[in-house]
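Let's take a walk through a protein model together.

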Amino acid sequence: MEARMRLRIPTVEGRGGYGGGGRCHRRRGSRYGYARTPSNLRPIPRDEGRVSKDYSPPSLVLCNARSIGNKTATLRDFFISQGVDLACVTETWVREGDTVTLREMAPPGFSVLHQSQTVGRRGGVALLIREDCSFRALPSPSIPGIECVGLVWGSEVSLAVWLVYRPPSAPAATLSGLLEAVAGWALEFPNLLVLGDFNIHADATPSSQALDLVSSMATLGLSQFVSGPTHQAGHTLDLIFGVGIDVIMFPSMKVPWSDHYALKARIDVPPPPCLGGEPIWARPQRLMDPDRFRQALRDLAPPGDSLTELVEGWNTQLLAAIDEIAPKRPLRPRRNRAPWFTEELRKMKRDLRRLERVWRGARDRASRTSYRVFMKTYEMAVKAAKKSYFSASIASASSRPAQLFSIIRSLTSLEGQPNLNNNLTHSCEAFASFFAEKVLLLRHDLSANLDTIKELEAPRLSSGPVLDHFDRISPADVDRLLRAGKPTTCPLDPCPSWLIRACPDEVRAPLGDIINLSLGTGTFPGELKEAVVRPLLKKTSLDPLDLSNYRPVSNLPFLGKVIERAVAEQLGRFLDETSALGPFQSGFRAGHGTETALVALTDDLRRQLDRGGSGLLILLDLSAAFDMVDHELLDHRLADVGIQGTVLQWLRSFLSGRGQRVALRGELSSRHSLVCGVPQGVILSPMLFNIFMRPLAQLVRSFGLGCHQYADDTQLYLLMDGHPDSAPDTLIRCLEAVAGWLRGSRLKLNPSKTEVLWLGRDDMRLRGQLPSLAGVQLVPAPSVKSLGVIFDTSLSMEAQISAITKAAFFHLRQAKQLAPYLSRPDLATVIHATVTSRLDYCNSLYVGLPLRLTQKLQRVQNAAARLLTGSSLRDHIHPVLYQLHWLPVEYRIRFKVLVLTFKALYGLGPSYLRDRLSWYAPQRNLGSSNKNILKVPGHREVRLASTRARAFSVAAPTWWN
């Protein structure tokens, strides 16, 4: 009964800045805020510990910045002080790609939509909107002489906002093009707001252009709301037009950093759905001290002898310990946090406001000059504070790529990741049902057929080595398992996993007992089989309202991951010792990778083209492959590779009875059972999936085709002598067998997304005679993308080099914008993470490329070196690279090839690369007999010079020798 009572607590309305989430209105001419009188108090309803927020109509501010480059901190402080939901800025003077300057101007918690300057050195428009508001960007139309950017504000009544800038020198004809665009907008959006700097004199005595614009807008239904001058010369240049809404104007504000006035308005529409002001029950991290946690644990010895009792005791005692040192309490999320904003900056900001008040009172040149001089000092201090903070953040994340990329995105991205917590369209139940039904529908369409039943009824005979029990885990093994992996915490964990890792002495014995009991009894604890799923939008450009554009990201309990890792070590060791996975599966195996698979593939294709033949590359595409693994078939294939006894029983227990819940907006959905699939996000899943897919490569190679696999990415290739007029019967029978095997394995093949590349002479007769795959005709493409690398019909790598160069230069421009805020070591970390990593990915495929292509990569490296060292274009690049200890691109390629060669020769790499190399054995005893020289294929084996320069099996031994 008490939980349903509604309490009304009187509070003072307020607004704030960086320090917190409130906003503070101040009375003009008063040093203090509103007086605490009953008339200024408002009741806040409180229900079951959750505070509901009373929203006021959203407000906006329109200002002409006249270059934001030298006043980003000032503009950001101005927007925060005005407490607006939308800031419209004209004349940003920002060029294309300069996202860091725009990000600097945006207050914390705001996204930026921007169109760069297109005419002269002026121009540029930007919209800054709160990230916790529901909005979507609109594509900017091409209007000659006009710059504009727009968005749709998704509230109960959707509102389209277009910000416009028209240069002073623009001809009168540009207004006609603008009115054409406004007419289209007015038809598409019943509620429309068009505002900006039109640079026409809509004064008390308006010009003819102004009269024509206002009257034309009126015929389209748009009213003009600005009255009075908006420029210090007394002209009205900035205008606000609207239809379907009511705009309430505030008095214009004179600002010392622009010759235009700032305009503030309130939009009389329901506000977008914004969340985040409600209290959250959480544990303060500042109280989570490892030493206090050790004391709270005391004698951690879970009671009971059964595995269930041990796991329950483990969770209970850890929960009691964390409750003792850091009990949950209601914490209100604090918006607009700027962790770099120090007390010194706060004092400077107060001094800057004081100088602004002096200028507003005096209105003379001296006070304006004092303000602008101190504003520059304040801007420099803000940059210095950011540099110190960002350098520390990047240094702390230098060994954690995911966190490093997250920091870089936060510094350069204008729009944040769409916040699902503010998307009220879909609930956690809707996401949970969609993810579960997607798999069930696919599985329903792929019911067991005759091949499935035949495989399940076949006897399980394994004549090779057998793994039928687990070895016991020692205390040293427990310590190693704790240190391995990432300390991610699941919402189902009793306490943060990093605290457990910080107390190895206290948790070693009970954790070892749980692991050994689980391995010994062949049982995985049922309490650890539930995953918490978070929906993640696949790409930020996709529609966030479409559930099919999300992928489920699973998070599982930490204790379950530790047990899995103990099993994965022993299972992986057995598979490696027995070569049970097959040599051509490169996914999630030590010494294997995407690069080794592609090197072997391209080597076969190049050697075949050198012999005058041709090749056909087919890239299979599977739908939800990990989620569609049939447990009975997996059980049978585990037995085929020698998994028996307690080990097989443990894996059955691990896969059965699993479920998942979707977490969204602090709520958990109901539990949905998983009837098939290997759970994503767990350590064992890639290994189990590789075992499940093992027969596919054997099937393909039985038809004489080549096959390489990387998890669910399967590459088939057929090497043909000469240039046949039709597809060989072998290929037709192989594709039929592959489609049948996938159907019998209850895996969904996407023939429409399967890509085909024909290598050899371009014979149009063969294009129409390729076989079909699952009823869909295969059609060769001019290029395909396999494992992140683009291949064309001649394996020239030109498209790949162009794509890599374009992406690397984009990130290099981003790094240049970050350079003023980063120290040299931190800038080097950013460049290596975003630029060098792209130049080095699969660069062993660039062997023997023409100089015109490698020079493209070298230019990127040279630009990166000059940026890092501050060298000018006149400085020779070789000493700069030598100073940085950077190998030029050509030698990085050679180094990568030699590293792959070394690993292949000494058992550290895949066998399919080792088979391409052989030691030189002279026919008679020579001085070179014992010098570890490799045999280089002769001219009779490799005829073309291009093949000798580019094929791995030729270039590797040549460089090795």
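Predicted model: local features only at pLDDT ≥ 70, side-chain atom pairs only at ≥ 80, totals over all residues.

You'll find L787 in the loop that runs between β31 (783-786) and β32 (789-792). Most residues other than glycine have a negative phi.

Is A711 buried or exposed? Its relative accessibility is 5%, and the cut-off for buried is under 20%, so A711 counts as buried.

Now hop over to another loop, the one between α11 (450-457) and α12 (475-483), where V466 is found. With 35% relative accessibility, V466 counts as partly exposed. Which residues does V466 touch, once you leave aside its neighbours within four places in sequence? They are F574, G642 and Q644. Take Q644: along the chain, V466 and Q644 are 178 residues apart, yet in space their C-alpha atoms are 6.8 Å apart.

Next, look at a pair of helices. Helix α14 (residues 504-521) packs against helix α18 (residues 645-655) at an angle of about 110°, and their axes are 7 Å apart. Angles of 65 to 115 degrees count as roughly perpendicular, so that is what we call α14 relative to α18. On the α14 side, the contact is made by S518, L519, G520 and T521, while α18 brings T646, Q649 and W650. Sort these residues by class and you get two nonpolar, five polar and no charged ones.

Finally, let's go looking for empty space. Rolling a probe the size of a water molecule over the atoms shows where it is left. How many cavities of 30 Å³ or more does the count come to? The count is four, and the largest cavity has a volume of about 100 Å³. Its lining includes V599, T602, D603, R606, F952 and A955. Helices α16 (594-610) and α29 (952-960) each supply at least two residues of that lining, and the largest share, four residues, comes from α16. By class, the lining of the largest cavity divides into seven nonpolar, two polar and three charged residues.

Definitions and conventions
Residues numbered from 1 in each chain as written. Heavy atoms only, no water. Axes fitted to C-alpha atoms, helices over the stretch in contact; angles between N-to-C directions. Parallel < 35°, antiparallel > 145°, perpendicular 65-115°, else oblique. Contact = heavy atoms within 4.5 Å. Nonpolar A, V, L, I, M, F, W, Y, C, P; charged D, E, K, R; others polar. 1 Å grid on protein atoms, 1.4 Å probe; cavity = no way out; pocket = protein on both sides within 12 Å on 5 of 7 lines; lining within 4 Å. Points joined across faces, edges and corners; volume = space filled by probe spheres on them. Buried < 20%, exposed > 50% of the residue type's maximum accessible area, 1.4 Å probe, protein only.
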